[in-house]
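This report sets out the architecture, packing and local geometry of one protein model. The sequence and structure come first, and the description follows.

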Amino acid sequence: MTTNTPLSRLAYAPTVASSPIKPILRKPTASVLGTRSRADDSDGADEEEHPMKRQKKTVVFNENLNMVREINGKSFEDAKREVRQALEGKARGDEQDYDNLKDLFAPSNRNSSPDEDEEDPRHQELLGYVVALTGYVPMLGRSCTGLVRSVLRCSWLDRDENFAKAYIQLLAALSSVQASFFAEILRMMVEKFLETKSSSVVPGFPPVDLETRKKRLHVGIKYLLDLFPAGSKMIIKLVTSKFPYTDEPKAVHMSYIDHLLRLKTSRPDLERDIMELILAQLVKLDVEMTLDLENDEDDTTRAVMRSIQTDAKDDQEDDESDDESVMSDDDDLPEETKRVIKIKNKLETLDAIMDLVFSIYDPIFEKPDSDEAVACFENLLSDFKNVILPHLKSRHTQYLLFKFAMKSDQLMEMFLGLLLTVAFSSTEAPVIKQAAAAYLASFTARGARVQSHTVQLIVSCLLDYIDYYRETHRHCRGPDVRRYSLYYASFQGLLYIFCFRWRDLLDQGALPDNVDWDDPASFLGQDLPWMPDLKKRMHANIASKLNPLKCCSPVIVEEFAQLAHHLGLMYIYPQIEKNKSIHLSQFYTGSYAQGGALRDTGFEFDNEKWTHLEACFPFDPFQLPIARRWLDLENNYVTWSPISVLRKPGGEATDEDEEEEDSDEEGSEEESEMGEEELEDREELFEEDTATDDERAD
């Protein structure tokens, strides 16, 4: 008889002859297996109901395996007889032979000397008992759970190919008997995903490298899932639950993801689930990193960034021994240093995973308008909506969408279309719509390949929404960031887009002749042709009861006020000054004021920062030093470039400004009007503050 899915089709090394098998049954003389042990016996344990129980399938296995033919026939028959009698004795309540059989599969004693292990006959006998037990698997019931678990602890990956082949057949036979056995087998296999180095050498067998162990493991997984397709859902649940914690070393994460990618290759039907899992864990790590950096002092953040940038420049990678040596010395380090090391390790893990994920997707988008690329981007959009979008604190994972959306107009339109649909949907949760509005504004502002007509289209959509919202809430009592969050998010998005892309909001065909497109300072003092009704509609919203300037981030409002004034769009400083006398807490409708009563004071609102809109824009500068190589930021990303003469309201440059301009002659041409150090400080002030100022949990 043959198996339904013969394992013999798989490429394995030639078989080798095994020594005669010695009996495990009781004899008057002492047994070579030693005394019985109940340490791991959990016979009769209850198992939870499993989907495999509903799958009725007959699996027939071939006993005429290559390795069986080279075992002495009498010895093999003895092994079969001993296994059968041990199982029959277990059924009668006589467990001594059964326990000896369990001990046979247990890992060898770690405390024994190498010479003793070499002479231990069970290392050479085990193959025969694996094949023999395969034939008697139907005799294993719930009472034999201890034997099954002993079998699963066997060091099967560290032996030869011959043994691995027979062992996989045994696993398949066990899986066909009980669903609970199948679940335990898959759990054992997935737990090996966490191993980052080869186990101890099994005496009597040559050392097995890590790559060979991985190949054997995934041959077994593929074989089992081919026999039992219902296991696909089970293994996805297992790999999700066993995914390394965020504080695990980088080597553990990378090894685990490597196993997931091997699983994806062998089981294409699991590709979507696996990639979504990787992205979900990446977002989790990304958000945790963002919160860690926000909660730390600025000095700690700078120390972490300097450390990883130095490592990237030196092109050094910490191996496992380095990690262990650092961790072993942690007890002697100051708390602040420990904190820096911990955050740095997380950043390196995040960087390595991002770099790997970019390398997976990049070949697909070499032809960005191909059917394969479009289908892949649709999957990325689905993962973005389900996994990334709900976490506005993510700082890096979303750059997967940014990178590939820049590849073609079609992909860009797909991304912008999704953001617009979600932002103004009537069925999405408010927090999701607010996040989509932030993504929409950030992508439009930062995407260098977003054309002027697209920028104006996005701005028109945002203007249409805030105008509609203003009209439907004309009788509101006053500004309330909690109640009208999407309105303020949309208005703040307009301010943010203006700060980065104000030139794209001009009618380029009607520009004065003396304006140089590449020289922002040449636009100052000119009568600029703005897109239709931009000034009128913005002013109408600023003057409304909703008072968006009061609720938006002060950093963004100040930057917009400065640019809008000097570019002749509008002068809003009187409104900003007026807002200083307005306390948002009096308009806030909280749990205490369900009936609409004013709440002038309260513990939660003694600081006005708590009532400002969170200023978080997802495409703030990418900080990972290794993964950034995929982004082509010079051509795809709009950096913050303030006009140097706009130091304060009124536009008059100070003596310090003139000195800074003189010192810039040694700097880059693009930043010639401002010293590189000052420009970095200004960019850090605007960009980092917009990502952290007034940030509060929803």
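## Cysteines

At 1% relative accessibility, C552 counts as buried, where buried means under 20% relative accessible area, exposed over 50% and partly exposed in between, for a 1.4 Å probe and protein chains only. C616 is likewise classed as buried, with a relative accessibility of 7%.

The structure holds zero disulfides, a disulfide being a pair of cysteine sulfur atoms within 2.5 Å. For C552, the closest cysteine sulfur belongs to C551 and is 7.0 Å away, which is too far for a bond.

## Basis and confidence of the model

The model is predicted: local features need pLDDT of at least 70, side-chain atom pairs count only at pLDDT 80 or more, and totals for chains, interfaces and linings use all residues. Residues are numbered from 1 along each chain as its sequence is written, and side-chain values use heavy atoms, with hydrogens and water left out.

The mean pLDDT of the protein is 78, and 69% of its residues reach 70 or more; pLDDT is the predictor's confidence in each residue, from 0 to 100. Over residues 1–21 the pLDDT is below 50, yet the model gives this stretch 53 contacts beyond near neighbours in sequence, a contact being heavy atoms within 4.5 Å. Residues 590–606 also stay under 50 in pLDDT, and here the model has 15 contacts beyond four places in sequence. Where pLDDT is low, the predicted coordinates should not be read in detail.

## Overall architecture

The secondary structure comprises 28 helices and zero strands. Helices (H or I, at least four residues) and strands (E, at least two) are DSSP runs, numbered from the N terminus. Of the 698 residues in the protein, 51% are buried.

Among contacts between residues at least 6 apart in sequence, 79% join residues at least 24 apart. The accessible surface comes to about 33,100 Å², and carbon and sulfur atoms account for 47% of this area; the areas come from the Shrake-Rupley method with a 1.4 Å probe, and for residues only the protein chains shown count as cover.

## Nonpolar core

The largest nonpolar core has 187 residues. Such a core is a set of buried Ala, Val, Leu, Ile, Met, Phe, Trp, Tyr and Cys residues joined through side-chain atoms within 4.5 Å. The residues with the most contacts inside this core are W156, V239, F377, F415, F443, W530 and F560. Helix α21 (residues 485–501) supplies the largest share of the core, twelve residues. In soluble globular proteins, nonpolar side chains tend to be buried together.

Leaving aside neighbours within four places in sequence, V239 is in contact with V190, F193, Y256, L260, L263 and L277. F193 is also among the residues touched by H259, together with K192, K214, L217 and H218, when residues up to four places away in sequence are not counted. H259 lies in helix α11 (residues 250–266) and is buried at 2% relative accessibility.

## Aromatic packing

Rings of Phe, Tyr and Trp (its six-membered ring) pair if their centres lie within 6.5 Å; planes under 30 degrees apart count as stacked, over 60 as edge-to-face and the rest as tilted. By this rule the count comes to 34 aromatic pairs. One of them is the tilted pair of F402 and F619, with 5.2 Å centre to centre and 45° between the planes. This pair links distant parts of the chain, 217 residues apart: F402 is in helix α17 (residues 399–405), and F619 is in the loop between α25 and α26.

Both partners are buried, F402 at 1% relative accessibility and F619 at 0%. They belong to one aromatic cluster, formed by F384, Y399, F402, F415, Y439, F443, F619, F622 and Y637.

## Loops and backbone geometry

D533 has a positive phi of about 65° although it is not a glycine. D533 is found in the loop between α21 and α22 (534–542) and is partly exposed at 48% relative accessibility. D632, another residue other than glycine, has a positive phi near 50°. D632 is placed in the loop between α25 (573–579) and α26 (633–636), and its relative accessible area of 34% makes it partly exposed.

K578 lies in helix α25 and is exposed, with a relative accessible area of 51%. K578 and K550 are 28 residues apart in sequence and 9.4 Å apart in space, C-alpha to C-alpha.
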